[in-house]
Amino acid sequence: MTTTELTSSLISTLPGHYYTDAELFQLEQQRVFEEMWFCAVRAADLDRPGAFRTVSVGRESVVVSRNRAGEVRAFLNVCRHRGARLCTEEQGQVRRSFKCPYHAWTYDLDGGLVAAPNLASMPDVDRAAQGLIRVHVREWLGYVWVCLADEPPSFTETVEDVVAQRLGTAESITNYGVDGLALGRRISYDVRANWKLVIENFMECYHCGTIHPELTEVLPEFADGYAAQYYVGHGAEFGSEVEGFTVDGSAGFERLDGVTEDQDRRYYAITVPPQVFINLVPDHVIVHRMFPIAVDRTLIECDWLYTPGIIESGADISRSVELFDRVNRQDFDACERCQPAMASRAYRAGGVLVPVEHHIGEFHTWLADRLADTVQ
Amino acid sequence: MTTTELTSSLISTLPGHYYTDAELFQLEQQRVFEEMWFCAVRAADLDRPGAFRTVSVGRESVVVSRNRAGEVRAFLNVCRHRGARLCTEEQGQVRRSFKCPYHAWTYDLDGGLVAAPNLASMPDVDRAAQGLIRVHVREWLGYVWVCLADEPPSFTETVEDVVAQRLGTAESITNYGVDGLALGRRISYDVRANWKLVIENFMECYHCGTIHPELTEVLPEFADGYAAQYYVGHGAEFGSEVEGFTVDGSAGFERLDGVTEDQDRRYYAITVPPQVFINLVPDHVIVHRMFPIAVDRTLIECDWLYTPGIIESGADISRSVELFDRVNRQDFDACERCQPAMASRAYRAGGVLVPVEHHIGEFHTWLADRLADTVQ
Amino acid sequence: MTTTELTSSLISTLPGHYYTDAELFQLEQQRVFEEMWFCAVRAADLDRPGAFRTVSVGRESVVVSRNRAGEVRAFLNVCRHRGARLCTEEQGQVRRSFKCPYHAWTYDLDGGLVAAPNLASMPDVDRAAQGLIRVHVREWLGYVWVCLADEPPSFTETVEDVVAQRLGTAESITNYGVDGLALGRRISYDVRANWKLVIENFMECYHCGTIHPELTEVLPEFADGYAAQYYVGHGAEFGSEVEGFTVDGSAGFERLDGVTEDQDRRYYAITVPPQVFINLVPDHVIVHRMFPIAVDRTLIECDWLYTPGIIESGADISRSVELFDRVNRQDFDACERCQPAMASRAYRAGGVLVPVEHHIGEFHTWLADRLADTVQ
C-alpha cells in the first residue's frame, strides 16, 4: 500500500532507508549533531581547572575542560601540528596545559599554543592561529552543552524553549533545581538501533501497555497508550495506591524543594531533540544523553539525579533506579527489534502512526527541515 | 591472456569480480533469490497450525507457518505498524495469531490484522490493507518453496522440469517418494565463499579424484572426473565391491520402495538453481539448501532423509551421513580456497573450464539471463 | 586557517583524507605498491629449491621460491584453472612442483604448467600460456624484491640510488655487507595507522625528545629534534659515555668488517619509499618492511641482522634488540594516536611541518607524482 491510501487515523512514518542509509547518517551527523547544541558532559564532572572529559559529538572527539578561572572550555581533540589526539583518556586532570604526547606542542587551558620544541626559533609562527580549535559551550541544568557550528543556533530557542513548550511554562523546569542535584547513578546502554528509533520510542506511550508492566503499574493512565508528551503541560499522575516513582511503587524521597503541588505525584517526560530526554518526578530527575555512532548503533548515557543530601546520606536509591533502568531495557530491546526490519521491502515506504503517535510526525518534519539543503 | 586466445578445450569462467562485487551480489539477491522459487523450510518441520519457522530468503526475513486449516502460509517478518520483527526466534508455535511484541498489533494465521490497542476507535483503518505481506508458497518433495516476486515464475518450468531434464523423465524423482521420507540428520555449514563457487563446485567432478577419496572409492567412475550431472539421465554406478553409499562402502538400508532396478546401485546429483542440490541414492536422499548472506559468505543446510521406519527404529545412519558430510567439507574447503583469489589481477578475466566442466557455462548463461535488465 | 596563511617556518602536511579515504588507498596499492619494487622476503629464508614463502604485495598474494637451479622466482598465488590459492601456508617446501589442491593442476618451479588430469586429452591447451603468472624479482641486501608491474621501474634509480643519495656515496652501504649478515631476531607489529603516518614518523626526529628517552640517551643530538635523515651523509653520533647501540648504552659487538672509522659510533637511518626502512649501526643492521593492508592498518616486519658468527655463538643480542623494539613501539603508538584524528574537521586541510620536518614534503611530492594519472 502507498501512503496516499492512508485513512485519517494513520499517517506515515519515515521510509525505511532513513534508518539504514549510511550516507544519510553522515548527513545527520553533519546537519544535526554537529550543528545543534549537544548535551555533552555533566558540569559537576569537571570539578576544578584542568579537569577534563573527552566526548564524541557527531563525528568529532571534543575535550571539555575548565580554564584557570573555572570557566568551561571545549576544543576539538586534535593537535594542530601533526594531528595527534591530545587526550585519549575518557577523563583526567592536567595542571595548567594540554601537552601533545607526540611532539610536545603545549596549549594553555584556553587553547592557546604556549610552547613547542624549537618554537623560539620560529618567531614567525602565529601562536593564536595555531591554537586548539575552540567549540562553543553553554551550561544549563547542570550539563555542559557544546556546539560545533561556527554560528550556533539560539540556545534559548532550540533548547530552553523546547522544554518550556512541553511543560507549558518556562518556570516549570526551574522548580526542580536540576543544576543543584547530585549524580546518584549513571548507566550506559549500547543500543543496536538507529537514533531515530530511540527518539520515536521515547515520544510515544502506545507501547507502554505491551512492554512496560512496572511503569504502567505506577502510572495507570499509560496503560491506555497516551504519551506523557502528547498534551502540553500534562504530567501523568501516579496511581492512587502508589507511594513513589519506584519499581514496586514504594515510597521514594521527600519532594524537591521547588516542586509545586501541581507537579507533585506526577511524571513529566521531555524530548529535546536531537539527543536529550528528561524525566521529572517529585523526588528525582532522570537525564538521558544519546550518542549516535553508526546508522545502526547508538550509545545512551542515563543519569539519575537526587538532592546532594540524599546522595551524601547513602540512602538507598536502588528502587527508583531500577524502575527506569527496566523501562530503558524494555524500550531499547524494542528499538533493536525494529532495526533489522527497516531494510525490508515491507518497510520501504515506512510504517504507520496511529492517532496517539501522530505527534512523532512533528519530529520527522523537524528532521526534514534540518536536512534540507538551505541556509538555516 | 584474454579469452579470445582460448582453444576449444577451454572456455572462460565468469570474471573474478562476479565473486567479489558487493553491488553485483545485491543485484543477485534482487533478481535471483527474491524473484525465483526458493526452497525455504522442510514442510514436516511445520507439524500443526501455528507452528512457524523464520528463514532468510534473499535479503528478507520470512515467517513460514500453517493456518488453522493446516495450509502453509508465508509472510514478510515485519509488523505493518512500526516495523518490528514479528518473530525473532528461528522456530516456535503460536496458538491462533502472531502478536507483535512492541505495540501488540495482532495478525491471524492468514496474516489479517485482527486486533491492536485502540483499534476499535480507528474504524477507518482497513484491516485487510494493514495485514502482513503475504509471500507465495508451494510444497514439493516435502519442502516449502516460497517466492517473493509479485508474479512468480512457473514452478513447473523453473523447478520440476529442471529435475526432470536432469534425470531424463519426470517420473524418475517420483520413484524416491521424497515427500514421504523423514529427517535423519541435518548439518549446517558456514562457508566463506560466494554462492556461485559452491554451485560450480557441485556441478563438476573434475575435482573428485583430487579431494574426494571416500567418494571415488564408492563411485569409481568419479575418479576420471566425469560429473554426475554431465550426461542426462546418467547415474554414477557403485563400485563392484561396494555394498552401500556409506563412508566405508559397507551396506546401507533396503532400497526405497519406488526405486527401480535401473536406479539401484546408482548415485544421481541434481542442481536446481539457484540454491538447491539433491542427491539420490537407493536408500536415502540428501537435500542441500543454500542461503547466500554476503558476497563472500554462504550458509548451507544439508538434510539426510530416510524412510520413517529407519528413523523410528533408531537404526545407525552415521556411516551414510559421514560419507557426504566429508564430501561437503572437502568441497567447501575448496570453495573457501578460491574466494580470496577471485580479487587477484590473475583472475580479472576469470579462469578456464576444461571439457568436463563446460556445462558450467550453461549456469553462467542462466545467471546472465536472470541479471539482464529486461522483463523476464 | 588555510595553508596560504602559513608562515615560512611552517609548510602543510597532506590533507586528512589522504589517511582515511579507502579509494585513495586502493589507488596507492595500484600505483605505488603494485608498480614499484617491493622488498618482500629475506633471501636466506629460501634456503633451497622448492622452499617458498607467500607474501602480500599490494593487494596480491605472491609465492616466492627458488627453481631447481636455485634462482629466485615469484608468481601470483592463483591457479590458472579455477582460481584456487596455490599455497595457503606462509612458508613451506615442495619437491619439484606446485600442485593445486583443488583439481591437481601442477606447475614446475619456473611456473610452467606440467600436468593436470586429462591434460593429455587436451592437446590444444598451450601449457606456456596456462602457466603461473610470473612476477619480476631482484636480490639486494639479502632480500628478495619483487615488482608486479609489467615493466618495472629501474631498480638502480628507485632503490639503490635512494640509499646512495642518503648516505652520500654508493659504497657506504656496501661497507656493512648486509647480504652476508644473519637474522638474529624478527618482530612483527600490527599497527592501526595509515602507512604514510609510519613513513612520516620514521623520517623526522622532532618527536625523539618527547617519546624516545632510550634513543636520545644513546644519540644525544636526537634530543634536539634533528632527524638522522635531514643531512645527506650525516650519521648521528653516539654519546661520549655510550659504548654501544643498546637499550642501556652498554657495549655491543665488534664492528662489522667493512665499516669505516667515519661510520663507527654512528647511526644512519634510511627510508626507501614506499615500504623499507634501514638502520645502520657499527655492529648490526635493522631492516623494516611495511605491508599496508588497509587504509588504517599496516603490518611491519622488523629484522635485526648480525654477523653469522655472533648468531652461531648464541651471543646475547637482547639489549640491542630491545633498544629499537622500544623505539618501534613508541613510534607506532604515536602513529595510532594520529590515525583517528585524520578524519577530524580540524585536520581537513592537514596539519603543519616545522623546519626540521620540511623534508617530509619531498615524500609528499614523490607520492603525488606516483598517483598522478600520467605515464611513468
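The model is predicted: local features need pLDDT of at least 70, side-chain atom pairs count only at pLDDT 80 or more, and totals for chains, interfaces and linings use all residues. Residues are numbered from 1 along each chain as its sequence is written, chains are lettered from A, and side-chain values use heavy atoms, without hydrogens and water.

**Chain relation**

**Domains of chain A**
- Domain 1 (1-35 + 177-376) and domain 2 (37-152) are given by the domain assignment, which is automatic or from a database.
- Their centres, taken over C-alpha atoms, are 32 Å apart.

**Domain interface in chain A**
- In contact (heavy atoms within 4.5 Å) are 22 residues of domain 1 and 21 residues of domain 2.
- The buried area (accessible area, 1.4 Å probe, lost by two parts on being put together, summed over both) is about 1,700 Å², with 56% from carbon and sulfur atoms.
- A:Glu34, A:Arg289 and A:Phe291 supply 28% of the area that domain 1 buries against domain 2, more than any other three residues.

**Salt bridges**
- The rule finds two salt bridges across this interface (side-chain nitrogen of Lys or Arg within 4 Å of a carboxyl oxygen of Asp or Glu).
- A:Asp45 and A:Arg186 form a salt bridge through their side chains (3.3 Å, N to O).
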